[in-house]
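This briefing goes through the fold, the sheets, the helix, the core and some individual residues. Please read it alongside the sequence and the coordinates.

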Amino acid sequence: MIERQHGKILVECDSCEEVLDTDTSDFAEARAIMQREGWKVRKIANEWLHGCPDCGVPT
Ligand SMILES: [Zn+2]
């Protein structure tokens, strides 16, 4: 899931406690950082799920 802390985007793994601190408030930039770091995103129904490099694509 995506959280905002002090305007900056944090990405939390939906399978474990891993958090990616993107240090940006820009969503496109945050997404680019996620891809670079090996995070996975999957849309299920209307919800975006996020997976850290260890967990991979959320199920
Ligand atoms: Zn994880």
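Two residues are in contact if their C-beta atoms, placed from the backbone, lie within 7 Å. Of the contacts in the protein with a separation of 6 or more, 28% are between residues 24 or more positions apart. The model is a predicted one: local features need pLDDT of at least 70, side-chain atom pairs count only at pLDDT 80 or more, and totals for chains, interfaces and linings use all residues. Residues are numbered from 1 along each chain as its sequence is written.

**Overall fold**

- The secondary structure comes to 1 helix and 5 strands, where helices (H or I, at least four residues) and strands (E, at least two) are DSSP runs, numbered from the N terminus.
- The order of the elements from the N terminus on is β-β-β-α-β-β.
- For 59 residues, a compact globule would have a radius of gyration near 10 Å, and the 11 Å of the protein agrees with that.
- That radius is taken over C-alpha atoms, and the globule rule is 2.2 Å times the number of residues to the power 0.38.
- The C-alpha trace spans about 30 × 25 × 20 Å along its principal axes.
- Of the 59 residues, 17% are buried; a residue is buried if 20 or more other C-beta atoms lie within 10 Å of its own, exposed if 12 or fewer, and partly exposed in between, with C-beta atoms placed from the backbone.

**The open sheet**

- Three strands form an open sheet in the order S1-S2-S3, with antiparallel pairing; two strands pair if DSSP finds at least two bridges between them.
- Strand S1 (2-5) and strand S3 (19-21) are at the edges with a single partner strand each, so one side of each has no neighbour in the sheet.
- On average, and with direction ignored, neighbouring strands of this sheet are turned by 30° against each other; axes are lines fitted to C-alpha atoms, for helices over the stretch in contact, and angles run from 0 to 180 degrees between N-to-C directions.
- S1 and strand S2 (residues 8-12) run antiparallel and are joined by 4 bridges.
- Gln 5 has Lys 8 in S2 as its bridge partner.
- The hairpin of S1 and S2 has 2 residues between the strands, and His 6 in this hairpin takes a positive phi near 55°.

**The S4-S5 hairpin**

- S4 and S5 pair in the antiparallel sense, over 5 bridges.
- Two strands form this hairpin with 2 residues between them, and Ala 45 in the turn has a positive phi of about 55°.
- Ala 45 is placed in the loop between strand S4 (40-44) and strand S5 (47-51), and it counts as exposed because it has 5 C-beta neighbours inside 10 Å.
- Lys 43 lies in strand S4 and stands opposite Trp 48 in S5.
- Lys 43 is exposed, with 9 other C-beta atoms within 10 Å.
- Between the C-alpha atoms of Lys 43 and Pro 58, which are 15 residues apart along the chain, the separation is 9.2 Å.

- Helix H1 (residues 27-37) lies across S2 and S3 and runs at about 40° to S2.
- Arg 36 belongs to helix H1 and is exposed, having 8 other C-beta atoms within 10 Å.
- Arg 36 and Glu 3 are 33 residues apart in sequence, and their C-alpha atoms are 19 Å apart in space.
- Asp 23 lies in the loop between S3 and H1, and its phi near 60° is a positive value in a residue other than glycine.
- Asp 23 counts as exposed because it has 11 C-beta neighbours inside 10 Å.

**Nonpolar core**

- In soluble globular proteins, nonpolar side chains tend to be buried together.
- The largest nonpolar core has 7 residues in all: Ile 9, Val 11, Cys 13, Ala 30, Met 34, Trp 39 and Cys 52.
- At least two residues of this core come from S2, and at least two from H1.
- A nonpolar core here is a set of buried Ala, Val, Leu, Ile, Met, Phe, Trp, Tyr and Cys residues joined through C-beta atoms within 7 Å.
- Not counting residues up to four places away in sequence, Cys 52 touches Cys 13, Cys 16, Glu 18 and Trp 39.
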